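Trainee: Hi! Could you walk me through this structure with me asking questions as we go?
Mentor: Happy to, let's open it up.

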Amino acid sequence: MRKLCDLLSFVPPNFSSDAAVLLIDSPEFLAGVRELMPNAQIFQLALEDALPVEPKIFDVIISPNCLTFARDCYWNLLELNRLLKDSGFLLTQFLNVRFVGVLENLKRGAFPAGEKRFWAKRDVVKILDDATFKEIRFLPGERAEISTAAWEEFGFDNFSEDLSTRVWLVKACRCTAEVAALKEMYTPEVRAELSRLIHRVEYGIDAEKNLQALVELCRREKIFVEYLADFVEQVTVHAAAAKFILAAVDKSV
């Protein structure tokens, strides 16, 4: 098993050295956070601990286990989003249900039972969208040197080597500096809906239905092409998806 990245790979090199950082069940990241952000205010909690009441107090929340072990993932993500500043982000990870090792076990009739949750990328996108995160990025955390050819021949998509990736790392932003620059033009509700629909089209979640809803939103709110192009560029991961979305909306609006 190859470990390719860790969650701190998402932190930009010029990130604020005095950021407010919350570590949840992640003491292994303490030294790395102190190295990257020497003046950071660091707070540590266990996953089952009560979260602070005051909103918008952290620049970064590192919670690697919230998708795997939290009792109520959706509620937990909503609460973590509430604690982030507008430019803040959540760093987490998940066990990939589409990993070949999991599929091989399923083929033999064995499913990984127990307290751990397994996810597919599209389901992670959906729950993060529903928890009102605005921008989502993935990096491979662990990959196996294993052939995926048989599963691809069987019809399993292997985009971004998904089938050989055991653990995906996730960065979910409440907002970004780039998107913040666009915030004055439309209401927060319109921007949130725009981001949600774009994410769902990008990851094939009821793509046709959500694309039509995106077109209708652009018509109703008079979202012009240049704004949409900037927005799509900021919130999508895959260039091909961005190109498809822009072409489809431009053709229909």
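Trainee: Let's start with Arg174: is Arg174 buried or exposed?
Mentor: Arg174 counts as buried, because its relative accessibility is 19% and the cut-off for buried is under 20%. Keep in mind that this is a predicted model.

Trainee: Okay, and which side chain does Arg174 meet in a salt bridge?
Mentor: That would be Asp86, with 2.6 Å from N to O. The pair links distant parts of the chain, 88 residues apart. Asp86 sits in strand E5, while Arg174 is in the loop between strand E8 (165–173) and helix H7 (177–180).

Trainee: Is Asp86 buried or partly exposed?
Mentor: Asp86 is partly exposed, at a relative accessible area of 31%.

Trainee: Which residue forms a salt bridge with Asp86 at 3.3 Å?
Mentor: Lys56 does, and the 3.3 Å is the distance between the closest N and O atoms. Lys56 lies in the loop between strand E3 (41–45) and strand E4 (58–62) and Asp86 in strand E5 (residues 84–96), so this pair ties together parts 30 residues apart in sequence. Lys56 is partly exposed, with a relative accessible area of 41%.

Trainee: So which residues are linked in that network of salt bridges?
Mentor: Lys56, Asp86 and Arg174 are linked in it.

Trainee: How many salt bridges does the count come to?
Mentor: The count comes to 12. One of the others to look at joins Arg166 and Glu142, whose closest N and O atoms are 3.0 Å apart. Arg166 is in strand E8 and Glu142 in strand E7 (residues 135–143), so the two tie together parts that are 24 residues apart in sequence.

Trainee: And how accessible are Arg166 and Glu142?
Mentor: Arg166 counts as partly exposed at 28% relative accessibility. Glu142 is partly exposed too, with a relative accessible area of 24%.

Trainee: Changing topic: what volume does the largest pocket have?
Mentor: About 390 Å³.

Trainee: How many residues line the largest pocket, and which lie nearest its centre?
Mentor: The lining has 13 residues, and those nearest the centre are Asp157, Phe159, Glu202, Tyr203 and His238. Helix H5 (121–130) and helix H11 (239–252) are the elements that give two or more residues to the lining.

Trainee: What about the lining by class?
Mentor: The lining of the largest pocket has 6 charged, 5 nonpolar and 2 polar residues.

Trainee: Thanks, that helps!

Key: Residues are numbered from 1 along each chain as its sequence is written. This is a predicted model: local features need pLDDT of at least 70, side-chain atom pairs count only at pLDDT 80 or more; totals for chains, interfaces and linings use all residues. Side-chain values use heavy atoms; hydrogens and water are left out. On a 1 Å grid over the protein atoms alone, a cavity is a set of points where a 1.4 Å probe fits but cannot get out, and a pocket is an open set with protein on both sides within 12 Å along at least five of seven lines; lining residues have an atom within 4 Å of a point. Grid points are joined across faces, edges and corners, and a volume is the space filled by probe spheres set on the points. Helices (H or I, at least four residues) and strands (E, at least two) are DSSP runs, numbered from the N terminus. Ala, Val, Leu, Ile, Met, Phe, Trp, Tyr, Cys and Pro count as nonpolar, Asp, Glu, Lys and Arg as charged, and the others, Gly among them, as polar. A salt bridge is a side-chain nitrogen of Lys or Arg within 4 Å of a carboxyl oxygen of Asp or Glu. Buried means under 20% relative accessible area, exposed over 50%, partly exposed in between (1.4 Å probe, protein chains only).
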